[in-house]
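Please look through the model below with the chain letters and residue numbers in view.

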Amino acid sequence: MSWEKVFFALLIFPGLLYAVPTAWLMLWLERKFRARMQGRIGPPFYQPFFDFVKLMAKRRVLRPSFDSIFMMGLPLVSVSAGLLALALLPISSDSRGFAGDLVLLVAFLEVPSLCSVLAGFASRSIFGQVGATREAILSITYNLPFLTAIVALAYSAQSLRLVDIAASPAGGVRALAVLTICLCLPVKLRINPFSVSNAEQEIYSGPATEFSGPQLAMWELAHGLEWVALTGLVVCLGLTFRTGTWIGDFAIYTSLSLVLVILLTILATGTARLKIQQAARFYWRWGMGLSLVALILGVFPDIERFIR
Amino acid sequence: MNIFSVLLKNLRMGPATLRFPEEVPYPKGFHGPVKIHTEKCICCGMCAYVCVSGAVRVAEHKDNCEWVYSPGLCTFCGKCVSVCPVEALHMAAKSAPSYFNTKALDEVHLVPYSPCPECGRPTPPVREVLRAKAFKGVAPNVLVKSLICQRCRQKDSQRALVSIQVKGEPPPSRSDK
Amino acid sequence: MSFTIPIGPYHPALEEPCKVQVICEGEIVQDVSLSVKYNFRGVEWLAERRNYHQAIALVERVCGICSNVHALTFCNALEGLAGLTVPERAQYIRTIMVELERLTSHALWAGIAAEVMGFQTLFMTCFAMREQLMDLLETISGNRIHYGMNCIGGVTRDLANPEAVRITVRRVRQTVTDQLIPLFTEDKTIHARCSGIGQMTKEQAVAWGAVGPTARASGLTEDIRQTSPYAAYNQLEFKVPVETSGDVFARVVVRLLEMVESCHIVEQALDQIPPGPIHHGPIFVEIPRGEAVARAEAPRGELFYYVSSDGTDIPCRVKIRTPSFVNLPTVRLMMLQANLADVPLINASIDPCYSCTSR
Ligand code: SF4
Ligand code: SF4
């Protein structure tokens, strides 16, 4: 990859210039659609942007220097990780990627959750700590099926390169793996029914409880970027064809991501919050089940052929 | 009905909420801030007696009576309106404006006294409604007395007592009711 | 590792001033301490310094949700003292008001319970329905919460538009039976959150003195409306829903069924309401020397008033015993060994009203 390409991917598309507005758009779409389904008017579409600006303008709370390094640094790391993850996504057909970018992507996608766990403990609030513990437990539960599904994908495509996986033929393995990843989205995005780590009625906003002003703005942004990156990942891995033109790919990618946002919103709006044990049980049972089947099919392709 | 059909219904019906400056019309008989018709008030102080929060205060002065109302203290219970014997009070059809300082909205109304027909001193007013209610079927020569001030009334009763007990005259006639 | 989590006095799930100190081992609750002292207003003390007319408006402010039943019970006690007979029509209007108030209260509770479970949509549904009831109460009484409908010897306002009541109640009943009951009882996530949580057996309910829907969800059948009828309840037919499982889910079911029953009572009352005066006569009545007690079934359980008079226009002593105050200790019982995630829900399940408790 040439340097220009890297910078383009990081700063323009699908990086900063594209991702940040899209993140706000997704956050708005989620709020607006949820409001409409609940019979409310909902915010105007510039609301997430205004929220961001307003939070940025707020006074910083003074803290001991070590804490404040953590509390400013962690959300920033989280935002950068989101951007890096996005830059790796093979959206248009001319992106090449490099061997092993899948591993890097998975790592980047995990960073926001890790940061949030650290932030919860660093904030020294009891609610932040309980939230961080919950986040950590959940992260173990959902990552098992998530990683298994990724492994299954990589194994069946015989490559650790995202473009190869995206270009591999559609089949049972791929469908099951993408389904598992979809299943992990609500918990990775911390929305209902798995909004356990930021359960407002129990522990305020969990790890983010102590954050305010610009730091909170960064968390919000990181959360938005997670939406963009995760929906983007599912679209990239799930979509079996490319239009061949840059504009066509872009349009399909964006619209499918938005459809995914709407589906997730419907799920979040139509459910109550589960308890952490129930969430864990769900992922151990359904997530693991699905991804193991995908893995077995990936390792022994003959079985799939046999079923056919 | 499961939750998704509720969601669908909400989507179809559109939002049930209003954007900020819009508001639902107030219903008829809404309990807004209390308003007074000073030309009806008889300064009896009943409203102040029943008011739980001291939002209505009635203070008598030499030639008028002060009716003070603080919407900031009022609980809008409507008690004062329902006990007023001459229906001098009613409640506005809109809610009171919000306030920072409870005193800022205070209203002071002066109920002027009318001169006593006998001695000419200012005396709390007596309204026709009340006379019609309280002195129903009283002979006109006695009814005149309902307008006079307290002191004149006392004098008058003393005079009557003296005339009955000392001079042995018959009491002023009342019609049969 | 055991740690103490303060829930309240400022907490998003408990908007009222109450502090639940939860001592946890991991996510399991080991002990709970409750304090409800944050909003003491001295209502009883104040009532002893106000005349009876002022005291009615004062006791109505004990609670913001079940305000009417406070004024009603206080008036009942005073009427008992003065030996007044309240006209039939006034009794019916009181019944209708109290039942509509129960509906709003339970709708509010259902919304809060859904919110505590993180089910925002259901919260919105409940509150949209409650809004209709509030509008209705506003048209009847002129106020949205503190209705000011009761006075000694009757009510202050007549029921001007019974048709409006009928229409709204029909709509509310439809929402309850078509949406709330199926949603609360059939939704998988709600079931997962509610059943088997916050258990209280019948014996425990008796021992800890639970009242109202909280007790009825544990199998007790006590309802003041039936055991010692006031207002017009002795002329109305209604069932008292009772569940036996004693968990949060049972409390949900009891309250939902009570809402249907309330709609039924209001409709009956509208059918039977006789024409006539709404007040016994003079506004100012003499309250003779003596003592009186009145009980009523508030939305949260038995409400109790004791009034003693020395013959002046100011009460000697007013004692109020609110249902939440007796129900709150059961929370500790229910929370032991519960999950931290269930703490707000268990607390909400008894429908605690802190402004009643800390009056
Ligand atoms: S409405 Fe009630 S609180 Fe307000 S002034 Fe009248 S009696 Fe007092
Ligand atoms: S407003 Fe009515 S109750 Fe109040 S002092 Fe005047 S006449 Fe009496």
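Where is A:Pro193 found? A:Pro193 lies in the loop between helix H8 (172-188) and helix H9 (200-203) of chain A, where helices (H or I, at least four residues) and strands (E, at least two) are DSSP runs numbered from the N terminus. This is a predicted model, in which local features need pLDDT of at least 70 and side-chain atom pairs count only at pLDDT 80 or more, whereas totals for chains, interfaces and linings use all residues. Residues are numbered from 1 along each chain as its sequence is written, chains are lettered from A and ligands numbered from 1 in the order in which they are written, and side-chain values use heavy atoms, with hydrogens and water left out. The predictor assigns the complex an ipTM of 0.82 and a pTM of 0.87.

The peptide bond from A:Asn192 to A:Pro193 is cis, with omega near 0°. Two residues other than glycine have a positive phi: B:Phe76, with phi near 55°, and C:Asp351, with phi of about 55°. Most residues other than glycine have a negative phi, and most peptide bonds are trans. B:Phe76 belongs to the loop between strand E3 (64-69) and helix H3 (79-83) of chain B, while C:Asp351 is placed in the loop between helix H13 (343-349) and helix H14 (354-357) of chain C.

With helix H11 (residues 246-269) of chain A, its axis comes within 9 Å and crosses at roughly 35°; axes are lines fitted to C-alpha atoms, for helices over the stretch in contact, and angles run from 0 to 180 degrees between N-to-C directions. The contact (heavy atoms within 4.5 Å) involves, among others, A:Leu29 and A:Phe33 of H2(A) and A:Leu258 and A:Val261 of H11(A).

H2(A) also packs against helix H1 (residues 3-13) of chain B at an angle of about 95°, with the axes 7 Å apart. H2(A) and H1(B) are therefore roughly perpendicular to each other, a class covering 65 to 115 degrees, with under 35 roughly parallel, over 145 roughly antiparallel and the rest oblique. This contact is made by A:Phe33, A:Arg36 and A:Met37 of H2(A) and by B:Leu7, B:Asn10 and B:Leu11 of H1(B).

Around ligand 1 there are 14 residues, of which B:Cys51, B:Cys74, B:Cys77, B:Gly78 and B:Cys80 come nearest; a residue is counted if one of its heavy atoms lies within 4 Å.
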